[in-house]
Amino acid sequence: MNEKAAVMGRPTYIRGWLRVLLRVGGCLIVVMCSGQNGYGDVPPTWVLEVRLPSPESARQLVEMGLTIDNVTRDYAVIYADASERAAVESLGWPVRVLEIQPAPTEEKTVDGYRDSGDIAALFSQWTSVYPHLCRAYTVGYSVQNRPLLAIKITSNPDVAADKPAVRYIATIHGDEPVGTEMCLNFAEWLLTGYGTDARVTRLVDETVCWLLPLMNPDGLVARTRRNANSIDLNRNFPVYALDFSGPWTPGGLLNTAGREVETASIMEWSASERFVVSGTFHGGSLVANYPYDYEPGVPSGVAAISPDEDLFQYVALRYSMYNPDMYASTQFPQGIVNGSAWYSITGSLQDWSYRMFGTLELTLEIGYTKKPAISTMPTYWAKNRDAMISYLETALEGVRGLVRDRVGGTPVEAVVWVEGNSQPVFSSAAVGNYHRVLLPGTYAMRWEAAGYIPWRQRDIQVTEGPATRVDVNLSTGDLNGDNAVNASDIQISVNALLGEGSPDAADVDGLGLSITDLQWVINRSIGKTAAPTG
Ligand SMILES: [Zn+2]
């Protein structure tokens with residue numbers, strides 16, 4: 001607790017930095033200055049393999065509140081401190097020590113894996129060679145003051161455009177660094193392939209692709225899962241029903257207080273970019289894991305079904321089907337799994353991203369060995385490259401469009417709902433663009449923003465391939481554009497209903513011109529924001 005209290009002042013500081021860095025839009029790299037290698041007096045963590053008497057026994061470990069990393073039919077891998085280790089051993093099940101973290105070491109390199117310094121150097125090189133395609137950012141700092149470096153890859157990188165933001169994050173667990181190499185390889189592939197490879201060119205032109213290759217730089221150097229405060233960052237995000245009760249609202253607060261600095265930085269960055277699809281890389285298993293990891297009342301080992309369960313299966317398959325070993329898994333059919341059906345955890349990045357912003361976020365376990373020899377990276381890359389691009393391309397499917405003010409044409413930050421689905425997405429304040437990934441079908445949707453009359457549209461057809469475009473012009477009830485809702489607007493609405501004037505201009509709720517539109521305008525003229533009744 002003391003360690004947590006010691007860093008509580010940081011999120012505000014980071015927030016300030018983030019604002020500055022993201023808005024400057026330039027190439028900003030902060031080179032790592034810390035040479036620390038170990039975690040000082042942090043107590044040891046044991047990595048334990050626990051043999052399970054039955055497949056259902058894993059639930060008992062979850063209920064003990066342990067940090068579980070992996071569960072198979074026969075065993076679980078857990079990260080335990082001394083008292084947790086004693087508790088596990090008291091169960092009487094066979095326990096084997098796999099590793100003790102932090103590992104005592106005098107080595108200065110991280111077994112050939114690239115660290116913050118290497119990444120800073122690469123980003124600096126790329127931003128100078130490809131200034132038309134990328135920008136580098138520091139989205140925060142670790143406990144030991146190493147930068148959390150991100151690169152944004154898109155054509156015209158300084159222009160906010162109608163493109164979905166997509167993302168990969170790696171090494172949230174410091175002892176699972178393969179994803180860092182995958183992110184760096186992916187960035188290089190996009191930059192070098194732009195203009196020659198059609199698929200790469202399309203992704204770079206039509207999305208804003210962000211890569212944050214190393215979320216836990218202290219853990220990488222110390223060879224530990226956890227950060228330098230001995231906190232598991234993928235258990236540190238706000239927990240639904242405990243720390244927050246529903247999706248974000250425009251203008252709302254994120255509440256980063258008390259989070260680890262790495263977690264708070266990722267939260268601020270997520271709020272700023274509204275990622276449409278995102279994946280975070282892990283090691284220790286081979287599966288594309290999708291939300292929910294946790295739903296109140298659903299026991300570990302039972303699927304926790306989100307409103308987008310079918311969609312999540314589809315996008316997870318878009319990853320696994322291009323990773324042949326993952327798809328051929330004998331533990332997980334087709335290489336995908338609902339997080340809670342595997343084993344439930346609280347405080348995961350994927351649950352928070354999805355529940356807060358509607359981001360389709362996957363936890364991508366890309367190998368049974370957490371830290372294989374660096375010489376095997378070309379093999380890993382060959383097995384993940386097409387999966388990585390295929391998954392991000394799903395951001396271009398479903399329904400997309402611009403939400404604007406009907407009178408001024410300015411972008412509107414709106415909440416975008418699919419009727420019958422309780423998880424919204426959001427349009428951006430800067431451009432007004434929204435991107436709602438959906439499976440092929442027919443949908444009704446609703447757009448809501450403070451001060452505006454909600455807009456609804458039915459019979460929206462989604463087919464395979466590029467997203468259906470639905471642009472929306474929201475009305476405040478001000479039909480004549482004089483910046484007030486008053487008697488003259490009511491008169492225009494009445495006239496339209498009598499067949500004098502444009503019916504479209506007086507249709508303020510998207511459902512065709514009717515008496516309801518007049519009621520909306522009357523209500524707004526007297527300051528009522530509720531929907532007309534009757
Ligand atoms: Zn992990």
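A residue is called buried if 20 or more other C-beta atoms lie within 10 Å of its own. Keep that cut-off at hand, and remember that this is a predicted model.

**Exercise 1. How many of the residues of strand E10 are buried, and which of them point each way?**

Solution. Step 1: find strand E10 at residues 285-290 and apply the cut-off; 6 of its 6 residues are buried, so the strand is mostly covered.

Step 1: sort the side chains. Ser285, Val287 and Asn289 point one way, while Leu286, Ala288 and Tyr290 point the other way. In a regular strand the side chains alternate between the two faces of the sheet.

Step 2: look for the partner strands. With strand E12 (residues 360-367), E10 pairs in the antiparallel sense over 5 bridges, and Ser285 stands opposite Gly367 there. With strand E11 (residues 336-338), E10 runs parallel and is joined by 3 bridges; here Tyr290 has Asn338 as its bridge partner.

**Exercise 2. Is Ser320 buried or exposed, and which residues is Ser320 in contact with?**

Step 1: count around Ser320. There are 27 other C-beta atoms within 10 Å, and the cut-off is 20 or more, so Ser320 is buried.

Step 2: list the contacts, leaving aside neighbours within four places in sequence: Ala288, Met326, Tyr327, Gln334, Gly335 and Ile336.

Step 3: Ala288 and Ser320 are 32 residues apart in sequence, yet their C-alpha atoms are 6.4 Å apart in space.

**Exercise 3. Which domains does the assignment give, and how many residues of domain 1 are in contact with domain 3?**

Solution. Step 1: read the domain assignment, which gives domain 1 (2-35 + 108-396), domain 2 (45-101) and domain 3 (399-525).

Step 1: compare centres, taken over C-alpha atoms; those of domain 1 and domain 3 are separated by 34 Å.

Step 2: turn to the contacts, where 21 residues of domain 1 meet 19 residues of domain 3. On the domain 1 side, helix H10 (residues 309-320) provides the largest share, with 3 residues.

**Exercise 4. Which residues of helix H17 are buried, and what covers them?**

Solution. Step 1: in helix H17 (residues 515-525), the buried residues are Asp517, Leu518, Trp520, Val521 and Arg524.

Step 1: look along the axis. These residues cover an arc of only 155 degrees, so they sit on the same side of H17.

Step 2: see what covers them; helix H15 (487-497) and helix H16 (503-506) are included.

Step 3: H17 is followed by Gly527, which has a positive phi, near 85 degrees.

**Exercise 5. In which order do the strands of the open sheet of 4 strands come, and which stand at the edges?**

Solution. Step 1: trace the order, E15-E14-E17-E18, with antiparallel pairing.

Step 1: find the ends. Strand E15 (425-426) and strand E18 (455-462) each have a single partner strand, so one side of each is left without a neighbour in the sheet.

Step 2: check one pair. Strand E14 (residues 415-418) and E15 are joined by 2 bridges, and Val416 has Val425 in E15 as its bridge partner.

Key
Residues are numbered from 1 along each chain as its sequence is written. This is a predicted model: local features need pLDDT of at least 70, side-chain atom pairs count only at pLDDT 80 or more; totals for chains, interfaces and linings use all residues. A residue is buried if 20 or more other C-beta atoms lie within 10 Å of its own, exposed if 12 or fewer, and partly exposed in between; C-beta atoms are placed from the backbone. The arc is that of the directions from the helix axis to the C-beta atoms. Two residues are in contact if their C-beta atoms, placed from the backbone, lie within 7 Å. Two strands pair if DSSP finds at least two bridges between them. Domain bounds come from an automatic or database domain assignment.
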